[in-house]
Amino acid sequence: MIRHLKQGKTVAAQHDIDAQVRGGVEQIIEDVAKRGDDAVRLYSEHFDQWNPPSFRLTRDEIDACVNSLSERELADIRFAQEQVRRFAQIQKASMTDVEQETLPGVVLDHRNIPVNSVGCYVPGGKYPLIASAHMSVLTAKVAGVKRVVAFAPPFSGRPHPAIVAAMHLGGADEIYCLGGVQAVAAFALGTPSCAPVDMIVGPGNAYVAVAKRQLFGRIGIDLFAGPTETLVIADDSSDVEIVAADLLGQAEHGTNSPTVFLTNSAQLAEGPAAEIERQLSTLPTAPIASVAWRDYGQIILCDTLDEMVQEADRIASEHVQVMTRDPDYFLERMTNYGAMFLGDRTNVSYGDKVIGTNHTLPTMKTARYTGGLWVGKFLKTCTYQRVLTDEASVMIGEICSRLCAMEGFAGHKEQADIRVRRFAK
């Protein structure tokens, strides 16, 4: 039996949040489409109090940001980027072009072609998400994207040095200090100072998420993103202090971040609430994390492991931490998750910041049908075909002609018939 000992607000309520911001986002996009840079400057000044001579950073400005960091800070950024780069290269190596003669004289093929230009949004408002630069910029460059544009809002009235350094070290071709809906609209639609891109990726607040959703189709995007989510799965072999820390570690992302604890231990189910309150008393981000836990936190008690798998797949969380005697039980059976973290030696923070897997992941149950950002998102798998012999063209043409006749497509039929007449011997 599955029992909800603590319930939180539902995903539907989060959809309502998107509805509340939709009108404002539409207005900004329409204004940028009509007035270009003038609108971008207006909204940047209004929302970020930021209106420099140029939003694009010069090489001197980039160098100044890099040089302002300590050697330890730069080394840590480089270490994290090397892990992300290594795993992205492994992923790319798994994607091979194919060419196969499927019938005598008929060759079918596909090639993995990088997107030509990508815009990488790096959030910098509430928290400067330095790691998002690794996850988007660096992964796009490994995929072979020719033009990678990176942009982030100002932080405390200026470009954030560590974000700029991460963008630069990750290989960004252009770096802009510009954020919000106005930035997404500028690079999706193009302005005199912001050449458009083919795709925009990266996390952001509700306004950025809605902007990407509204512009999808005119540009490609990575995911339809919502608030950060985490699901911690544990049994009586786990530690309640670690469970609480892992829940709060994601609750601090935002006041509407769902945090769910799933267990088959009645004793353990009683522990997190008190332990979370204890940790909140000293957590600097408690004003955010406490609200997320209060409004969106859940504790779910199951009787069996199979019930836990069933409930975990129903939740389809962005992050799933498994701290049980046999974590592989869940790895082998679960199908709906963004990223999984197996055992108590790892955690979501490792994945978010440094270990090498990508942290841009599906939320709001979209893990039911998609994975997260990876090198393959920047590649288009495009097919092509060759017919090598007259005999093969006639054989395929005769069948194609009959199929076209069944559908009533006379022009399609003639495309086949003319080749049958031309190449028949």
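Tyr 329 and Phe 330 are both buried in this predicted model. Their rings have centres 5.8 Å apart and planes at 70°, so the pair is edge-to-face.

In total, the structure holds 6 aromatic pairs. One of them joins Phe 216 and Phe 224 edge-to-face. Here the setting is partly exposed, with a relative accessible area of 46% for Phe 216 and 31% for Phe 224. Elsewhere, ring pairs link Tyr 121, Phe 151, Tyr 176 and Phe 187 into a cluster.

| Ring pair | Centre distance | Plane angle |
|---|---|---|
| Phe 216 and Phe 224 | 5.5 Å | 85° |
| Tyr 329 and Phe 330 | 5.8 Å | 70° |

Now to the annotated positions. An unreviewed UniProt entry places the feature "binding site" at Thr 228, Gln 250, His 253, His 319, Asp 352, Glu 407 and His 412. These positions span 185 residues in sequence, and the farthest two C-alpha atoms are 55.3 Å apart, so they do not all gather at one spot.

Some of them do touch, though. Gln 250, in helix α9 (residues 240–251), is buried at 4% relative accessible area, and its contacts include Thr 228, His 319 and Asp 352. His 319, in strand β12 (residues 319–323), is buried as well, at 1%. Among the residues His 319 touches are Thr 228, Gln 250 and Asp 352, along with Phe 341 and Leu 361.

Terms used
Residues numbered from 1 in each chain as written. Predicted model: local features only at pLDDT ≥ 70, side-chain atom pairs only at ≥ 80, totals over all residues. Heavy atoms only, no water. Phe/Tyr/Trp six-rings, centres within 6.5 Å; stacked < 30°, edge-to-face > 60°. Buried < 20%, exposed > 50% of the residue type's maximum accessible area, 1.4 Å probe, protein only. UniProt positions renumbered as here; feature names shortened; annotations may be inferred. Helix = DSSP H or I, 4+ residues; strand = E, 2+ residues; numbered from the N terminus. Contact = heavy atoms within 4.5 Å. Lists of a residue's contacts leave out its neighbours within four places in sequence.
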